[in-house]
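Subject: Structure for you to look at

Hello,

Here is the structure I said I would pass on. Please open it first, then read the notes below it.

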Number of protein chains: 2
Amino acid sequence: MMQTPLTMTQMIERAEKYFPKKQVVSRTASGIHRFTYKQIAERTRRLADSLTKLGVTKGERVGTLAWNHHRHLEAYFAIPCMGAVLHTVNIRLTPQHISYIINHAEDKVLLVDPDILPLLERCAPELKTVKAYIIMTDEKELPETTLSPVYHYEKLLAEANPEYRYPEDIDENAPAGMCYTSATTGNPKGVVYSHRGIVLHSMALGLADSAALSEKDIALPVVPMFHANAWGMPFSAVWFGTSLVLPGPYFTPKLLAELIEQERVTVTAGVPTIWLGLLKELDEGSYDMSSLRGVLCGGSAAPKGIIKAFEQRHKIPFMHAYGMTETSPLVVISTLKSYQEELDAEERLELRAKQGVLVPGLEIKIVGKDGEVAWDGAEMGELCIRGPWIASEYYKDERTEEAFRDGWLHTGDVVTIDEEGFVKIVDRTKDLIKSGGEWISSVDLENALMAHEAVFEAAVVAVPHEQWQERPVACVVLKEANKGKTTKEELFDFLKPQFAKWWIPDDILFIEEIPKTSVGKFLKMALRDQVQQEVLRKG
Amino acid sequence: MMQTPLTMTQMIERAEKYFPKKQVVSRTASGIHRFTYKQIAERTRRLADSLTKLGVTKGERVGTLAWNHHRHLEAYFAIPCMGAVLHTVNIRLTPQHISYIINHAEDKVLLVDPDILPLLERCAPELKTVKAYIIMTDEKELPETTLSPVYHYEKLLAEANPEYRYPEDIDENAPAGMCYTSATTGNPKGVVYSHRGIVLHSMALGLADSAALSEKDIALPVVPMFHANAWGMPFSAVWFGTSLVLPGPYFTPKLLAELIEQERVTVTAGVPTIWLGLLKELDEGSYDMSSLRGVLCGGSAAPKGIIKAFEQRHKIPFMHAYGMTETSPLVVISTLKSYQEELDAEERLELRAKQGVLVPGLEIKIVGKDGEVAWDGAEMGELCIRGPWIASEYYKDERTEEAFRDGWLHTGDVVTIDEEGFVKIVDRTKDLIKSGGEWISSVDLENALMAHEAVFEAAVVAVPHEQWQERPVACVVLKEANKGKTTKEELFDFLKPQFAKWWIPDDILFIEEIPKTSVGKFLKMALRDQVQQEVLRKG
């Protein structure tokens, strides 16, 4: 067979050649914009030419700090196809972490949305490798900024060569993208995606038994493009000629419902928090959702109630899935098997509430304390994953050896698997809190609290939350001398400058002692129960 | 990303783990047999163990001479997954060609169906590398045979280790299969399939916009498993947990219709000749075909009439596709684009009668006399293909350089491409005749005729045929001295011992002169018209 490499250039070229009329609907600060794939493909070449002229060379990283819109989509292809590496900066990180990851990735150029400028300006003094900033603005002129040197995205494109040609000698194992993921403690860890990994993952998204993404779809990725490549949806969509609807910054559930209705969206993807919001909107408003064939949900486990409400109340099929930044992300998806369709509604719901069955192309094993667990839906073990779109390391990070051992990614997620191979996430070995689809590190918060002079011990646990899935609550044991003196407010004030706003715990409870394991580790499970009782008691 | 190889072992393992209850329905000489994937997977391991015990080692070829049934399916996985190479011998070739390809591939072991034994016995004296014959019989005892040494498939399996483990160190570029394809002249040419190529092609078959093969399907490959791997359908089906219905030897249109009805087949694949036969059966009989979601048609262009009859008269969606042995085979498939669904019936039919749009993962270019042709549906050029499931050479064959140049496969097929990217096959640069989905070489027949002492010149052309798509008709210019003396019958008798029965021309016409091009080549196009007039005149 020919040794043609699996590289991403074929994707954008296919969109241009075979689907030039298909549309990308892009919402930005100034409203809705419509571009055809013919236009997107030309603009993508112009962007690659612009970046080349700015001195970006093969293998160098170009960062984006941007919402889901057409310019970000252009960066998604221009950067990898020119042989550089697309680093989607997670703008929900703290400025300290953002500075860290841009420096760690050694980003040479940054593309930034106007509303994210203030955040980037705070980071800029720390940045060591950035040679140019490109502002992705709708306005004719650049906004005021302390960044330098700055360029205007549209002006660069206007001056660029529309006939730019992507290099043809890209190796399929060359890096194409990277994304940092929050760690239990310390700085975020970088995951590098190869062309090969992205191409194979994109194929997997198009499989009839997976998300079945198709030219006939109109896809709305709500999941941010700075978050595991918006689950790879933009890549597959462009390759297959799927219409895209990109919701831009600061959307509300109402806006999403309107976009779905107006654009006749067929498939959308996001975290449970988003669907909870949409559900409320659908329950209260009056929308035509009949175009929707599927709501893809990942990032956290969706409660059964949401799934039931979507499927039974609103007749919208719900597709539960599981993945992580390290896995591109799709690993399992809850497509029912043919004979499971005959189960009664309650049994089907039970299955749909699981994360699903392994997609073709990957391998999993679930390792309990005595080796691989039984396929009985009860025995718990850590999910380990192997395959061509699974990361093999954290980028230049010694924490690689914690997670990547014996050729497997050890996810830290504790799961069961039933006799039909349906995986269900039950817990995490790491103690991260997942709020609105984003990780909050309990250990980081604990360490910060314990750095306060009045604090003896502190543990932070997750409490279920209707809107955000989970929110952190801190349990603090004060030093004897401080008991009854140090206040909650004092500790909140102490935390606030150190963390993003949404990391700050919902509550701080003063307790007498933190339950511990025999080896002195916090017994989080016991504490969680205790805190939940307390929260419930308080109402 | 991890460097996990794209190898076939994952396919059969996925079927066993995730779809153990799904069925393979297999028709053999003794009737219908039903096996679960759990059983098939164990039998496949046993076969791999048996072949290992017979001395088959990594990289060695094992041939099959077999119809579509469960044992052939087991060989499809046992042989590649043990690291050997599955050589599916095309039993429709002449005994001379069969001997040639078995010797050329250096098959070490042959698996053969009982009814194919007489053919193989004729070839056996010529075979230089075969160390063992395994007969795939339903009977308890082996049939009488001159082959030696012979083994009983079921007895070997009964004695084999069900816990056999496939090697884990297979390279994704290692050969997994091979298939010989008829040449314009001379011996058949071998195509070698790699694990990587088969894995990627199998994914392509599962894409929503391609054949969308799914666990929910019940797939009936009518196309023989000795013909371009039954278009890859068995590989994808096993990987995705699709139920398979394998029709065995000597089926009739009636039997196919009954199988589809009884087994609730959802998708089937074959050449136009098969569908013509089925159509006649459906028109005359009374069958419930409501389970069918698609009839995949390739190998030759299907006449519009067939497509219309299937879609309009029988409400069975027809999926036209194009590929060849060298391309695994899927290259283009006539899935309509979303906005084309709104065209009127006649326009849709026009599109469906084209071979379709390129599947994701491949590249094509269409080269006319002045470079790449316009996308206007009119300008003609040779279809050239590139991609990871396209052959890069003919196995140990100097004819490689005719077809593989500058990194592209030059197909010899003349096509047009319209503004939407729909490819339509219009002619062949090679002068093969395609009868019932199989090639007949006009040049070989011509050379044979011209070897007759009475013949001055001979040209063989294709004439359209209702059942077989095309049949050969020979045009012979006799030497002056033989005019009016040598008879048709004499020439038929001369040809018959040299060719398979179905290669023998339907007619031999004596003509005065063969029209030629300026450089003295036969002007086949003109001759074809002339012959068609003649055939029509005769009725």
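Is A:Glu154 buried, partly exposed or exposed? With a relative accessible area of 23%, A:Glu154 is partly exposed, since the cut-off for buried is under 20%. Please keep in mind that this is a predicted model.

Salt bridges within a chain

Side chains of opposite charge can pair when their charged atoms come close. Over all chains, the structure holds 66 salt bridges. In one of them, the side chain of A:Glu154 meets that of A:Arg43, at 2.8 Å from N to O. A:Arg43 sits in helix H2 (residues 37–53) of chain A and A:Glu154 in helix H6 (residues 153–159) of chain A, so this pair ties together parts 111 residues apart in sequence. A:Arg43 counts as buried, at 13% relative accessibility.

In chain B, B:Arg43 forms a salt bridge with B:Glu74, and their closest N and O atoms are 2.7 Å apart. B:Glu74 belongs to helix H3 (residues 70–81) of chain B and B:Arg43 to helix H2 (residues 37–53) of chain B, 31 residues apart. Both B:Glu74 and B:Arg43 are buried.

Another salt bridge joins the side chains of B:Glu106 and B:Lys396 (3.4 Å, N to O). B:Glu106 is in the loop between helix H4 (95–105) and strand S5 (107–112) of chain B, and B:Lys396 is in the loop between S19 and helix H13 (400–403) of chain B, so parts 290 residues apart in sequence are tied together. B:Glu106 is partly exposed, at 36%, whereas B:Lys396 counts as exposed, at 57% relative accessibility.

Salt bridges with shared partners also form one network of A:Arg43, A:Arg71, A:Glu74, A:Asp138 and A:Glu154.

Between the chains

In the interface, 65 residues of chain B are in contact with 65 residues of chain A. The two chains bury about 5,000 Å² between them, 57% of it on carbon and sulfur atoms. On the side of chain B, B:Met1, B:Met2 and B:Tyr18 lose the most area to chain A, together 19% of what that side buries.

The interface of chain B and chain A has 4 salt bridges. A salt bridge also links the side chains of B:Glu420 and A:Lys21 (2.6 Å, N to O). Between the two chains, 26 residue pairs are in polar contact. H7(B) gives the largest share of the side of chain B that touches chain A, 6 residues. That side divides into 36 nonpolar, 16 polar and 13 charged residues.

How the copies are related

The same surface serves both, as 100% of the contact residues of chain B recur in chain A.

Regards

Methods:
Residues numbered from 1 in each chain as written. Chains lettered and ligands numbered in written order. Predicted model: local features only at pLDDT ≥ 70, side-chain atom pairs only at ≥ 80, totals over all residues. Heavy atoms only, no water. Contact = heavy atoms within 4.5 Å. Buried area = accessible area lost by both parts, 1.4 Å probe. Polar contact = N/O pair within 3.5 Å; in protein donor to acceptor, adjacent residues only side chain to side chain. Helix = DSSP H or I, 4+ residues; strand = E, 2+ residues; numbered from the N terminus. Nonpolar A, V, L, I, M, F, W, Y, C, P; charged D, E, K, R; others polar. Buried < 20%, exposed > 50% of the residue type's maximum accessible area, 1.4 Å probe, protein only.
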